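Me: Hi! Could you walk me through this structure in plain words?

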Amino acid sequence: MAEFNYNAYRKLADQLHAYFESVGFDAEKVWSIQEELKELYDNYTDESIADFDRAKAIIQRFVDHCKSIKDASFYPLSVQECLQILIMIADYPIVLSDDYEKISVCAYDAVYMFHTAINHAGD
């Protein structure tokens, strides 16, 4: 197997990021949303969400900002990080209440939109 060539990767990554920017994708904005999603996850697991509408709005902001690249075969790291948190929320093993269930469904819908499967056939 060939050794990983960071310079070759960097050329490809630069081209992909330039394309993403050309369609309106801003990685820095998504990193900010990722910080909010981390906080949301912590509040979700601690059962301490104070504003459920704001929680759903964070997820919706992620979807709205990233939908221009939803059909890409490669997602930027910022999007992947957000999807990981959304999967953890969507697949949280305990249903806490109807409000928490709505957030879980919102997270699941966001993940599904990005062609990321949480439950596979046979699971």
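**Helix against helix**

Reply: Phe52, Ala55, Lys56, Ile59 and Val63 in H3 meet Asp99, Tyr100, Ile103, Cys106, Ala107, Ala110 and Met113 in H5. Contact here means heavy atoms within 4.5 Å. One caution about where this comes from: this is a predicted model, in which local features need pLDDT of at least 70, side-chain atom pairs count only at pLDDT 80 or more, and totals for chains, interfaces and linings use all residues. Residues are numbered from 1 along each chain as its sequence is written, and side-chain values use heavy atoms, with hydrogens and water left out.

Me: Let me zoom out. How many helices and strands are there in the protein chain?

Reply: There are 5 helices and 0 strands, so from the N terminus on the elements run α-α-α-α-α. Helices (H or I, at least four residues) and strands (E, at least two) are DSSP runs, numbered from the N terminus. The C-alpha atoms fill a box of roughly 50 × 35 × 20 Å, taken along the principal axes.

Me: How much of the protein chain counts as buried?

Reply: Of its 123 residues, 31% count as buried. Buried means under 20% relative accessible area, exposed means over 50%, and partly exposed is in between (1.4 Å probe, protein chains only).

Me: Which residues touch the most other members in the largest nonpolar core?

Reply: That core has 31 residues, and Leu37, Ile49, Ile59, Phe62, Val79, Leu86 and Ile103 touch the most other members. The elements that give two or more residues to this core are H2, H3, helix H4 (77-90) and helix H5 (98-113). A nonpolar core is a set of buried Ala, Val, Leu, Ile, Met, Phe, Trp, Tyr and Cys residues joined through side-chain atoms within 4.5 Å.

Me: What does Phe62 touch?

Reply: Not counting residues up to four places away in sequence, Phe62 touches Val30, Ile33, Val79, Cys82, Leu83, Leu86 and Phe114.

Me: New topic: is Ser78 buried or exposed?

Reply: Ser78 counts as buried, because its relative accessibility is 2%. Ser78 lies in helix H4. Leaving aside neighbours within four places in sequence, Ser78 is in contact with Phe25, Ala27, Val30 and Trp31.

Me: Now the charges. How many salt bridges does the count come to?

Reply: The count comes to 6 salt bridges. A salt bridge is a side-chain nitrogen of Lys or Arg within 4 Å of a carboxyl oxygen of Asp or Glu.

Me: Why can such side chains pair?

Reply: Side chains of opposite charge can pair when their charged atoms come close.

Me: Okay, which residue does Asp14 form a salt bridge with?

Reply: Its partner is Arg10, with the closest N and O atoms 2.7 Å apart. Both lie in helix H1 (residues 6-22), 4 residues apart, about one turn of the helix. Asp14 counts as partly exposed at 40% relative accessibility, and Arg10 is partly exposed too, at 31%.

Me: And what about Glu35 and Lys38?

Reply: Their side chains meet in a salt bridge (3.2 Å, N to O). Glu35 and Lys38 both lie in helix H2 (residues 27-45), 3 residues apart, about one turn of the helix.

Me: Which residue does Arg54 form a salt bridge with?

Reply: Arg54 pairs with Glu36, and the closest N and O atoms are 3.4 Å apart. Arg54 lies in helix H3 (residues 52-66) and Glu36 in helix H2, so the pair ties together parts that are 18 residues apart in sequence. Salt bridges that share partners join Glu36, Arg54 and Arg61 into one network.

Me: Last one: where is Glu47 found?

Reply: Glu47 is in the loop between H2 and H3. Its phi is near 55 degrees, a positive value in a residue other than glycine. Glu47 is exposed, with a relative accessible area of 52%.
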